[in-house]
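Please look over the sequence and the model shown here before reading the report.

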Amino acid sequence: MDYKETLNLPKTSFPMKADLPKREPLFLDQWEKEKLYERLQEERKEAPPFILHDGPPYANGDIHIGHALNKILKDMIIRYYSMKGFRAPYVPGWDCHGLPVELQLFKELGKTQHNVDRLEFREKAREYAARFVKIQKDQFKRLGIWGDWERPYLTMNYDYQATIMECFWRLYREGYIYKGLKPVHWCYQCETALAEAEVEYENKKSSSIYVKFALTPETCQKLALPLGAQLVIWTTTPWTLPGNVAVALKKEADYAALKVGEEILILAVDLLPQLQALKQWEKIEVLKNIKGESFDRLECEHPFLSRKSLLILGEHVTLDQGTGCVHTAPGHGEEDYEMGLVYHLPILSPVNAKGQFTEEVEFLKGQFVFKANAAICDLLEERGRLILKNEIEHSYPHCWRCKSPVIFRATPQWFLGVDRKELRQKALEAIEKVQWVPSVGKNRISSMVERRPDWCLSRQRLWGVPIPIFYCAHCEKEFLDDATAQKVVEKVREKGASVWFEFSTEALMPMGQKCPSCGHGKFLKEEDIIDVWFDSGVSHHAVLKRFPGLQYPADLYLEGSDQHRGWFQTSLLAAMGLVGESPFKAVLTHGFVVDGEGKKMSKSAGNVVAPQDVMKDYGADILRLWVSSADFSQDLRISKEILAQVADTYRKIRNTFRYLLGNLFDYDKSAHQILREELGEMDRWALSQTSQMLKRVDEAYRQCEFYRIYHEAEQFCTVDLSSFYFDILKDRLYTSPPNSQERRGAQAVLYEIVKALTRVMAPILAFTAEEVWQTDGLLGAEASSVHLERWPEVHPDWYDARCEARWELIKEVRSEVLKVLESLRKEKMIGSALEAEAHLYVSRQEVFEALEFLGRDLKAIFIVSHATLEKVDSLLAGEESGMRGLKILVRRSQGEKCQRCWNYSTELGAHVTHPSLCERCVEAVETIIASK
């Protein structure tokens, strides 16, 4: 008789090889064909809502690994809350306007903004953005991201564009938005103003110069100084000197008038050692000390232009570097501008959009500002005004898109005033009420809002929503009233934002409109477009308040940590001005993706990991598992080696599923269920462990600490199950009669484990969990999906504290026995553990009771053929194993090897029909034969 036929060997169609790159697209097709996302929304339509609002990526290229991280995190959260019984719709969105799309399209067309037709370009930009929306949508779907992909929000949709204009008009009407001449970050390469969120800081080499500003005779007289005394300023932007109109000093600081050779130089006493060390002056004579406040509103001479510069006092003047005398050009700096308002200084900015000097500075006309540094330094030296010139490397603002260093340039722009109507204070108060994950996010955004300047809203570009402001052609006063705004918005909602440039002012304005200031009836239109950050910043109005099934405020915003100065901040400011309430209840931020060594990814460094390549080699589930593997509040590392480690963990989890499914091939949950009280001790322990795993995993999901789930799953699958429970269970599952209570009891537990484990891993391993759920119809019926299931409930009677404590002792004993078995294996005394028998001598009562409780299952725990247990009063020195109160004797088993279970027995040959079987296997085989 072939006894192998009597064994309950695992059978499953669930393959060991995942082959995810080929198998995952089949599930995508199935989900789409069966409209599972729509079914889920329908099933949860009466459930309490959980709304995660999607921050829109730019529609201007393939997705990168940062996109994958962001979308997978969102998907895991959405899937978890859906399984928890919430109505959790996901409406994806795209940012379609602005510089990112423009620059890529200009590259494709081989043109610039100066040689294209505006309306024609806008139509091409719309087509370009639509093309990449489709590309990115398919790429996101390939990651397993569920959502309303057929009805996403696009900032270029006509309705959305109209809402942008509506929000602009409301904020303008309420007095938050104004037009002013202010210095802003200006990108000469892109020829547009930039907002704070569009500026990155990189190191840059700059000319560092010390310049002499001669005091006027009147100033020398008032300060009782010799004629010709000179203030010393320090600057790293020589090109801004043509815009100088003042020198700022610190009110409470002490300044020294020094005689250096034949010159009288003035600078802060505290900073004298720095300059002296650089110049290595041999002899300095201090003529006089003067308090900073004594200089207020006196004058000095510009170093190379025929005009005076005012001496002013400023709190921004520091004594950590420089000279304590700060060159002030209100047309080229925010702090300088603020001081200019206090002292009514002129705002000079003789620089055009390309970063070239205008005719206002004749000797520099047409020169690029950075290149003009050399000419200015030469002129200063020629006039005897240059003390020192060297080069320094420092942090400097760069354009976020083209990476060029930016300049500060005063131009008429539209701004949202953060201090108007206490908007800044309201935003700071709202921040305190929001839950920030991680908590440091609150301090980060608070500090940014506290010190941020007014938000520059206007952009000198082609592709975007135009600023809906008219100007009187006669008196040039700006104009927009309710009736005009309403008509413009209606036109845009019907035909799109390009009507602003396509239609005449008469077609956009109510008939007979007159300027309220001068009574004339001819108007001009604003040519600038609205900052793209305003587009996304009002998405709470365009999406949360307008899309069916969504609500305001959102439960969660989730983006990269750079959005504290970007989308989170612009959304908050817009919302506080529009409705006075934060658009989000909670904000979760993640770090950036870096390479395996923690370095920033770049094509030039050759360390870019593309999600498309990862999915091609490994599949999306490996990428999803990688996202869950690290603390995303920090930067996440990725490399071939890291992905290989994640893939190895995946294989362990997959093999666990395969073991579970394979040993349930003949299990019928309706016919074979076993009550918990009828289960064996070890099976009750497995249920208890499962209940604790469920609690920990659920808590980790609620805290969005996915790395805990990753490690919990790895521990549960490889240590608790594969290396322990499954290892011990094999003999019982394979050799017991199929319908025996001990086997059906084990199967009942395995069924509960696979049901629970599949569901808790579904938000992360979206494809694999579905594959498990649909395998052999064991868990779900045909056309069912794990993603429509509810979260597994923790059965209150599963957890058994006494059982857990008992098994901690048993596991400790087992570990010691396995060490002895391994040493015998190395010494070639035994091959497998079944060739051995173990004899335990225990002096500790609690250990003895725990082992005694096992009864005849004792040998199964160690996977030996025979085991005995004996209580002793004490053990002699040197007899104890690594565990106190435990002596272990292991020797080779007596008897012969059973041909069916491979255990060794002295009873082989006792049964005439089955002489090669042990007594236990004889009983099992006879039972199987009888059942047939």
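Predicted model: local features only at pLDDT ≥ 70, side-chain atom pairs only at ≥ 80, totals over all residues.

## Overall form

The protein chain contains 29 helices and 32 strands. Along the principal axes, its C-alpha atoms fill a box of roughly 125 × 80 × 45 Å.

The radius of gyration of the protein chain is 38 Å, whereas a compact globule of 932 residues would have one near 30 Å. Of the 932 residues in the protein chain, 58% are buried.

The structure holds 58 salt bridges. One of them joins aspartate 666 to arginine 743, with the closest N and O atoms 2.9 Å apart. Aspartate 666 sits in the loop between α21 (640–662) and α22 (681–702), and arginine 743 sits in helix α24 (residues 741–761), so this pair ties together parts that are 77 residues apart in sequence. Aspartate 666 has a relative accessible area of 23% and is partly exposed. Arginine 743 counts as buried because its relative accessibility is 1%, and the cut-off for buried is under 20%.

A salt bridge also forms between glutamate 681 and arginine 806, where the closest N and O atoms are 2.9 Å apart. Glutamate 681 belongs to helix α22 and arginine 806 to helix α26 (residues 801–826), so the pair ties together parts that are 125 residues apart in sequence. Glutamate 681 and arginine 806 are both buried.

## A further pair and a network

The side chains of glutamate 705 and arginine 708 meet in a salt bridge with an N to O distance of 2.5 Å. Glutamate 705 is partly exposed, at a relative accessible area of 25%. Arginine 708 also counts as partly exposed, with 29% relative accessibility.

Some salt bridges share partners: in this way Asp54, Lys71, Lys74 and Glu559 are joined into one network.

## A patch of negative charge

Which residues gather in a patch of negative charge on the surface? They are Glu742, Asp857, Glu907, Glu919 and Glu923.

Glutamate 919 is placed in helix α29, which covers residues 919–931. Is glutamate 919 buried or exposed? Glutamate 919 counts as exposed because its relative accessibility is 53%, and exposed means over 50%.

Terms used
Residues numbered from 1 in each chain as written. Heavy atoms only, no water. Patch = residues over 30% accessible without salt bridge, like charges linked within 9 Å, V, L, I, M, F, W, Y side chains within 5 Å. Areas by Shrake-Rupley, 256 points an atom, 1.4 Å probe, with all protein chains shown as cover. Salt bridge = Lys/Arg side-chain N within 4 Å of Asp/Glu carboxyl O. Lys, Arg positive; Asp, Glu negative; His and termini not counted. Charge placed at Lys NZ, Arg CZ, Asp CG, Glu CD. Helix = DSSP H or I, 4+ residues; strand = E, 2+ residues; numbered from the N terminus. Buried < 20%, exposed > 50% of the residue type's maximum accessible area, 1.4 Å probe, protein only. Rg over C-alpha atoms; globule rule 2.2 N^0.38 Å.
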